[in-house]
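Take a look at the model, then read on for the main points.

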Amino acid sequence: YNKKHKGASLAQEDPAGPPPPPGFKAYKKSEGSGGVMGMIQQIIGDAQAEEAQAVQAEKDAQAAYELYVKDTNDSVTQKNNAITNKADTKAKKEGELQEAKKDHGNVMVELEELSNENADLHKACDFTLKNFDIRQTARDEEVEALRQAKAMLSGAKFNAFLQNPAAFLQRQQ
C-alpha cells in the first residue's frame, strides 16, 4: 500500500510496470501445426487405420473360427463313426455272449446227464464188485447142478456122485 496515495481512487494512474518490449509481433497460426482441421484429419486417419486393423482382425478371427468349426465337425464325424463301429462291435460281442451262454447251458446239462450216468454205472459196478464172490459161488453151484443134471440124464449113478464128489470131478475132467 502506497501511503502517498491516500485517498486515491482505485483506478491506476501510472502504469504498473515498464512498457512491453518492442520484440512482440502480432499473433498468427503456427505453420507447423494444422490447426483444428489438421487435428480432425489426423483423427480421421487414425480412425481409418484402426478400422482397417479391426476389419483385418475380424477377417482373421472369422477364418480361425471357420477352421475351428471345420475341425470340430470333422472330429464329431469321426467320433460318430467310432461310436457306430463300437456299437456294431458291441452288438456282435453281445450276440456271441448269448451264444456262449446258450452253449454253456447245453454243456452244463450234458455234464449233468453224464454225471448221472456215471453215478448209475458206479452203483452198478459197486454192486458187481460187492457181490462178485457171492455171484461166483452161485455160478459154480449152478454149473455143478447142471453137471449133475447132465449126469443123471446120461445114466450116471447119482449115489456115487454124492458120496465122493472129488472123484466124480476128476473123472469128468
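**A first look**

Arg139 is partly exposed, with a relative accessible area of 48%; that label sits between buried (under 20% relative accessible area) and exposed (over 50%), using a 1.4 Å probe and protein chains only. What you're looking at is a predicted model, where local features need pLDDT of at least 70 and side-chain atom pairs count only at pLDDT 80 or more, while totals for chains, interfaces and linings use all residues. Residues are numbered from 1 along each chain as its sequence is written, and side-chain values use heavy atoms, with hydrogens and water left out.

**Overall build**

- The protein has 4 helices and 0 strands, where helices (H or I, at least four residues) and strands (E, at least two) are DSSP runs numbered from the N terminus.
- Reading from the N terminus, the order of elements is α-α-α-α.
- The protein exposes about 16,400 Å², and 58% of that comes from carbon and sulfur atoms; accessible areas come from the Shrake-Rupley method with a 1.4 Å probe, and for residues only the protein chains shown count as cover.

- Searching the whole structure turns up 4 salt bridges, each one a side-chain nitrogen of Lys or Arg within 4 Å of a carboxyl oxygen of Asp or Glu.
- One of them pairs Lys70 with Asp74, whose closest N and O atoms are 3.5 Å apart.
- Lys70 and Asp74 are separated by about one helical turn, because they are 4 residues apart in helix H1.
- Lys70 counts as partly exposed at 49% relative accessibility, and Asp74 also gets the partly exposed label, at 36%.
- Lys93 forms a salt bridge with Glu96, and here the closest N and O atoms are 3.7 Å apart.
- Lys93 and Glu96 sit 3 residues apart in helix H1, so about one helical turn separates them.
- Glu96 is partly exposed, with a relative accessible area of 49%.

**Surface patches**

- Patches are made of residues with over 30% relative accessible area and no salt bridge, with like charges joined within 9 Å and nonpolar side chains (Val, Leu, Ile, Met, Phe, Trp, Tyr) joined within 5 Å.
- Ile40 lies in helix H1, which covers residues 35-130, and Ile40 is partly exposed at 38% relative accessible area.
- There's a negative surface patch too, formed by Glu110, Glu112, Glu113, Glu117 and Asp120.
- Asp and Glu count as negative and Lys and Arg as positive, while His and the chain ends are not counted.
- Glu117 lies in helix H1 and is partly exposed, with a relative accessible area of 47%.

**Helix H2**

- Helix H2 (residues 132-153) has 22 residues and should span 32 Å at 1.5 Å a residue; its end C-alpha atoms are 31 Å apart, so the two agree.
- That expected span is 1.5 Å times one less than the number of residues in the helix.
- The side chains of Glu142 and Arg139 meet in a salt bridge, at 3.7 Å from N to O.
- Glu142 and Arg139 are 3 residues apart in helix H2, so about one helical turn lies between them.
- Glu142 is partly exposed, with a relative accessible area of 45%.
- After H2 comes Gly155, whose phi is positive, near 95°.

Note on methods. Charge placed at Lys NZ, Arg CZ, Asp CG, Glu CD.
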